[in-house]
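Take a moment to look over the fold as a whole before turning to single residues.

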Amino acid sequence: NMYSRMASVVLYEHFKAVWEDEYSEKWDEWWEDSMKHGLCYSFECVVPRVLGDHGSTPRGAFAILTCIASTPDERFLSPCEMLQLATKWRLPLNEAWFLPVSCAQEVEDALHEMRWSAGDREVTARLDELGFGHRFLSHTQVQGNVLEGVVLLGLHLEGRIGELEQLVDEYHAAMHGHRERALAAALALGERCLSEDPELLSMLESPIPGISEPVRQEMTAEAAWELACDNVAPGRVRTALQRCRDSYKHFVNLKVYKWAGDWQVQVHVTDDQ
């Protein structure tokens with residue numbers, strides 16, 4: 001649909017900016033590598049107006065890599081593993097800071113107090129003082145100085161802080177020469193979204209050439225649950241699907257697709273709890 005197609009456009013524009021003449025080749029290599037190793041890359045796609053408004057209107061149209069899942073291993077990759085792949089493929093990471101657990105409560109209290117009066121620049125400066133972290137494009141550059149919120153996450157990284165800090169430095173070194181082009185591309189695409197450019201809107205109405213799309217399959221809810229629960233290899237994914245069916249089916253819808261000869265099931269949760 002138009003949402004997934006817009007995400008493809010945003011990410012492809014990013015590859016053009018950071019890989020320049022190599023962008024088409026690197027796009028294909030990244031895609032093939034993800035298929036070969038069973039990696040699922042999850043991005044947050046942020047665009048102004050063209051897909052509807054949510055929160056403050058951003059200046060740019062951009063994507064943020066939020067996590068990577070390994071299908072064969074049935075797990076999410078660690079921060080160190082994600083940094084290595086983001087560096088290899090020059091992928092856009094969100095702003096994130098790593099802080100010792102000993103100051104977690106102090107940081108949470110300070111952020112809670114600051115978020116009602118401070119802007120993004122002030123909070124960023126404070127977090128830069130407290131720990132180290134990674135970013136590609138800053139929130140201020142592509143969204144503005146309105147602070148919409150901060151997510152706190154506990155990670156078990158005992159003995160790996162030094163490795164993590166080195167990987168962050170390597171990521172920043174790899175991305176350093178590409179930020180200006182990526183920012184310019186994000187802002188230019190953002191302008192097209194804001195003006196609801198007819199050519200862009202037309203592009204979103206049908207499949208984008210060169211990008212294979214899954215095809216929705218019509219089937220009953222019971223058939224979809226049977227397909228999901230009985231045709232997945234034993235493991236954590238199958239157990240999670242069976243639990244959704246047995247205990248939470250009234251909150252969960254399954255959308256079934258075919259892509260490249262394989263079944264795909266999208267799990268749609270209709271209740272935040």
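Why does Arg5 count as buried? Arg5 has a relative accessibility of 12% and therefore counts as buried, a word that here means under 20% relative accessible area, with exposed meaning over 50% and partly exposed lying in between, for a 1.4 Å probe and with protein chains only taken into account. Before going further, note that this is a predicted model, in which local features need pLDDT of at least 70 and side-chain atom pairs count only at pLDDT 80 or more, while totals for chains, interfaces and linings use all residues. Residues are numbered from 1 along each chain as its sequence is written, and side-chain values use heavy atoms, with hydrogens and water left out.

Arg5 sits in helix 1, which covers residues 2-19; helices (H or I, at least four residues) and strands (E, at least two) are DSSP runs that are numbered from the N terminus. If neighbours within four places in sequence are set aside, Arg5 is in contact with Leu204, Glu205, Ser206, Pro207, Ile208 and Glu213, where contact means heavy atoms within 4.5 Å. With Glu213, the side chain of Arg5 forms a side-chain to side-chain polar contact of 2.7 Å, and a polar atom of the Arg5 side chain also lies 3.5 Å from the backbone oxygen of Ser206. A polar contact is a pair of N or O atoms within 3.5 Å; within protein, one must be able to donate a hydrogen and the other to accept it, and residues adjacent in sequence count only if both atoms are side-chain atoms.

Now consider the chain as a whole, which has eleven helices and eight strands. A compact globule of 273 residues would have a radius of gyration near 19 Å, and the 20 Å of this chain agrees with that; the radius is taken over C-alpha atoms, and the globule rule is 2.2 Å times the number of residues to the power 0.38. The C-alpha atoms fill a box of roughly 55 × 45 × 35 Å along the principal axes. Buried residues make up 36% of the 273 residues, and among the contacts with a separation of 6 or more, 68% are between residues 24 or more positions apart.

Not counting residues up to four places away in sequence, His134 touches several residues, including Leu83, Asn94, Phe98, Val168 and His172. The side chain of His134 reaches the backbone oxygen of Asn94 at 3.0 Å, and the C-alpha atoms of His134 and His172 are separated by 7.3 Å, although the two residues are 38 residues apart along the chain.

Loops can hold buried residues too, as Ala118 shows: Ala118 is found between helix 4 (104-114) and helix 5 (120-130), and at 18% relative accessibility Ala118 counts as buried. Apart from neighbours within four places in sequence, Ala118 is in contact with Val123 and Leu147.

Finally, look at two backbone angles. Most residues other than glycine have a negative phi. Glu20, in the loop between helix 1 and helix 2 (23-37), has a positive phi near 50° and is partly exposed, with a relative accessible area of 41%. Arg49, in the loop between strand 1 (39-46) and strand 2 (62-70), has a positive phi of about 65° and is partly exposed at 36%.
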